[in-house]
Amino acid sequence: MAYNISWYIPKRVVHATFMGEITLSEAETASELTAQLIGDGDPPMVHLIADTTRLERFPTNLNLLNRSASKHLWQPKLGWTIVISTNSTTRFISGIITQVARVRFRMFPTLEDGMAFLADQDSSLNPLINNKALHAAPVNSPESQIVA
Amino acid sequence: MSLQAEIAKATIENVRSSLVRHMPLSPQRNYYLWGISNANPYREDFIQMIGVNQLINLSTQMIGDIIEPADQATIAQYCGRINAYFMYEIISDNLANGLSALCVFDDNASMRRDVLHAFNHVMVTRLKGEHNDTASLLQPVENLTKNISCFAQSITPRKHQACINAYLSQRPDVTQQEIEYGVWPFLVANIEACHELTEYMSHFQVGPLLSQGGIDRYQGVTRTIQLDHGLPLNELVRMGTHTVSVVPVLAYFAGVLSEIIRVEPRLHSVINDGTLADALNTAAVIVRLVNDVGMLLTLSQQERKTVFTGIQQHFQTHSGDIDAFDHLLMSVPDEYTMLTRLQKDLLHGEFNICLHNLAYTNSVGEALTLLENNVANLSEQYYRSQTHLHDLLASIDRRMTSRTLSNLIAGFVRFHEMIYAEPYNSSIGEYVA
């Protein structure tokens, strides 16, 4: 398993990528890292894009997920949570947890679709997203944290 | 000043006084003192988040129609005292979140169970007058409590985070860690505040009802967190009734209104023959039932059938995604918030008399059938208890010189029927939402 938590757009959009099988303890750590980045981000809103297209297995117990792996959802600065996936179980679980936490949530099949939606919702991101498209970011920037 | 405002003022004063007198010096104590002060820009959110607003609403609703204006200020002080104690109760109660039979246990769960065991034991022995050294007796679990996040255990972690951010911006010398993982001082204060209240009321006729109600509550919580097998529904109701704190709260207010404010000369007759105890216990059964099952209890057989047919259809449509009962109940459309109490306890892993036995079923389908049967049985018990309480209150009315006691008990039950009909995550649907 691996997850990678980094800035997609520094201080504005967090990019979390999950691969393979993730345990509850790993989900908890990933949530804490995400919470730290959101806390360090620029107000008023820091968005989260979670790419789960390569995620194979993950904990589905709602009580444990809600108590242990949702610290990032507590952050007052959290804006939109965009999950990238085509998996119906991921959609199902993400939908319940984000609904309970009352955060803005959408799910898209591709990163491009997710970013287009985000740009539509937060126009201040447009120049940053366009700039990012021109200068594609490295997968592992110095700010990213990879756990394998 | 309105009664609500008077109770609010007295409650905040009593919370402040209790924090200073009952809670060991700690970052938590400073944080709460700041939280209820005007220095907190999120003061209103803070007071709602720690349950104080809803406690004030409960007090106002319970006594609003049954007191004389001249007694308002004095009664508000008594409300403030018990509300301060209940603020701690909400925190210690949260430790049991994630300990129901339906939960997957992790290491943190067994630590919380150990902490609760110790807490309940020290509380019970304190109420029995066996010691006066709460902090020393709780010392062995202090380190264990440092693994428990008060925020994660609460049902409002986002509000906690917003308030703590504001506090830390004013107090850079403090870290979130030391407040978030610091439940221990609250446990000490909880026991001391409860003991003080019980000790004070021990001089009145309701004293034994109050102290025994408290002892039953904490012993009952220990039993529920130890429970690792299914039980008959009536036994679960009995256990749940003890843990719900209705008897001690009503005994306290009965004493305040009928012994301290306006002396009811015939109070002894309903205490001595057990009528008052029966009424308080029946009120506790009703409140426990609405707390756990909510509006489903009030449906007709046909209406209930419609709700469960809808759940069954949802299950069939999404059977590929639903592999556990919590997935089913948390995802089903619930336009009329019929399922809100069940959803709350499933999500937060709280003991629930209607859900407990579902942990020992073998499939989602079997669990759904059992749930439907449980709701039908508990609904019958709810109406039987309502009728019994009505008869008991009529009997009390006939023997007392005023309707104060019966109105108090009826108002308390009505308040809980009202709030538990609302979505649990709305500001009126739960104590701390």
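In what follows, Ala, Val, Leu, Ile, Met, Phe, Trp, Tyr, Cys and Pro count as nonpolar, Asp, Glu, Lys and Arg as charged, and the others, Gly among them, as polar. The structure is a predicted model.

With those classes, the lining of the largest pocket has 25 nonpolar, twelve polar and eleven charged residues. The volume of this pocket is about 930 Å³. Its lining is made up of 48 residues, and those nearest the centre are B:Asp93, B:Arg217, B:Thr243, B:Asn291 and B:Glu350. The largest share comes from α5(B), with seven residues. In terms of domains, the lining of the largest pocket takes at least three residues from each of domain 1 (1–201) and domain 2 (205–213 + 229–433) of chain B.

The axes of α15(B) and α17(B) are 8 Å apart, and the helices pack at an angle of about 130°. That angle makes α15(B) oblique to α17(B). Their crossing is right-handed. The crossing of α18(B) and α21(B) is right-handed.

The structure holds five cavities of 30 Å³ or more. The largest cavity has a volume of about 510 Å³. It is lined by 25 residues, and A:Phe18, A:Leu65, A:Ala69, A:His72 and A:Ser94 are the closest to its centre. In chain A, the elements β2 (13–21), α1 (24–40), β3 (46–57), β4 (78–84) and α3 (88–101) each give two or more residues to this lining. Of these, α3(A) gives the most, with five residues. By class, the lining of the largest cavity contains 16 nonpolar and nine polar residues, and no charged ones.

The second largest cavity has a volume of about 200 Å³. Among its 20 lining residues, B:Tyr32, B:Ile91, B:Asn94, B:Cys150 and B:His160 are the closest to the centre. Here the elements of chain B that give two or more residues are α2 (27–35), α5 and α9 (150–153). The largest share of this lining, four residues, comes from α5(B). The lining of the second largest cavity has 15 nonpolar, five polar and no charged residues.

Two backbone details remain, both in chain A. A cis peptide bond joins A:Pro43 and A:Pro44, with omega at about 5°. A:Pro44 sits in the loop between α1 and β3 of chain A. A:Lys11 is not a glycine, yet has a positive phi of about 70°. This residue is found in the loop between β1 (2–9) and β2 of chain A.

Technical notes: Residues numbered from 1 in each chain as written. Chains lettered and ligands numbered in written order. Predicted model: local features only at pLDDT ≥ 70, side-chain atom pairs only at ≥ 80, totals over all residues. Heavy atoms only, no water. 1 Å grid on protein atoms, 1.4 Å probe; cavity = no way out; pocket = protein on both sides within 12 Å on 5 of 7 lines; lining within 4 Å. Points joined across faces, edges and corners; volume = space filled by probe spheres on them. Domains from an automatic or database assignment. Left-handed = near helix turned anticlockwise from the far one by under 90°. Axes fitted to C-alpha atoms, helices over the stretch in contact; angles between N-to-C directions. Parallel < 35°, antiparallel > 145°, perpendicular 65-115°, else oblique.
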